[in-house]
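Please look over the sequence and the structure shown here with attention to pockets, helix packing and charged pairs.

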Amino acid sequence: MEQTTSEVTIEELPGGGWTNDERNRVSFSLDFATTRKLHELAFNFGITVDMALMACYAILLAKYTGEDDPVIGYLLERQMFPIRYSPTVHKPLGKFLLEVKHTTMQALEDRNMRKNLNGNPFIKAAFTWQSANTTPDESDQLGTFELALTAFKKESIMMHIEYSARLYR
């Protein structure tokens, strides 16, 4: 199965479908102990913290949507990379984390996939990891997705979940 989606131009796709007025945001931070455990998990499997968070996000999406292979738009350097992950119930976490690493690296290395896919109706969820010096308006690019998770590191890991109010009440 192909892990990344095929190239589609924005002009071929319908628009996003809602305005920012119809969006809600929930913000929270991970406590120090959870942040430390997340760093340890990433270190132990040779992945980055954002890959560990992406894995958690994929598992959460699979659990709540019932989809075995959610496609998540990964925003990096103002470019959206559509990536398909396959967290299955019987797959060991360690194996899935290594798959996330491989799949993410493969998608990022494929420079032909660098398309701005905001508004793509096939990508309903997005994820972005922001460094401390990233400007907040980068997360504004996530406004056309049904569900978007933005995470950034300060003293602890801060998270914003933005979602379509008309879909999630």
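The lining of the largest pocket is made up of 19 nonpolar, two polar and three charged residues, where Ala, Val, Leu, Ile, Met, Phe, Trp, Tyr, Cys and Pro count as nonpolar, Asp, Glu, Lys and Arg as charged, and the others, Gly among them, as polar. This is a predicted model, in which local features need pLDDT of at least 70 and side-chain atom pairs count only at pLDDT 80 or more, while totals for chains, interfaces and linings use all residues. Residues are numbered from 1 along each chain as its sequence is written, and side-chain values use heavy atoms, with hydrogens and water left out.

A pocket is an open set of points on a 1 Å grid over the protein atoms alone, where a 1.4 Å probe fits and protein lies on both sides within 12 Å along at least five of seven lines; its lining residues have an atom within 4 Å of a point. A volume is the space filled by probe spheres set on the points.

| Pocket | Volume | Residues given by α2 |
|---|---|---|
| Largest | about 530 Å³ | seven residues |

In the largest pocket, 24 residues form the lining, and the closest to the centre are Tyr57, Leu60, Leu61, Ala125 and Leu147. Two or more lining residues come from each of α1 (32-45), α2 (49-65), β5 (147-153) and β6 (157-164), these elements being DSSP runs (helices H or I, at least four residues; strands E, at least two) numbered from the N terminus. The second largest pocket has five nonpolar, two polar and four charged residues in its lining, including Ile59, Lys63, Glu67, Asp68, Lys91 and Phe96.

The axes of α1 and α2 lie 8 Å apart, and the two helices pack at an angle of about 100°, with axes fitted to C-alpha atoms over the stretch in contact and angles running from 0 to 180 degrees between N-to-C directions. α1 and α2 are therefore roughly perpendicular to each other, a term for angles of 65 to 115 degrees. Leu38, His39, Leu41 and Ala42 of α1 meet Val49, Ala52 and Leu53 of α2, contact meaning heavy atoms within 4.5 Å.

Four salt bridges are counted, each a side-chain nitrogen of Lys or Arg within 4 Å of a carboxyl oxygen of Asp or Glu. One of them joins glutamate 162 and arginine 25 (3.3 Å, N to O). Glutamate 162 belongs to strand β6 and arginine 25 to strand β1 (residues 23-29), so this pair ties together parts that are 137 residues apart in sequence.

Definitions and conventions: Parallel < 35°, antiparallel > 145°, perpendicular 65-115°, else oblique.
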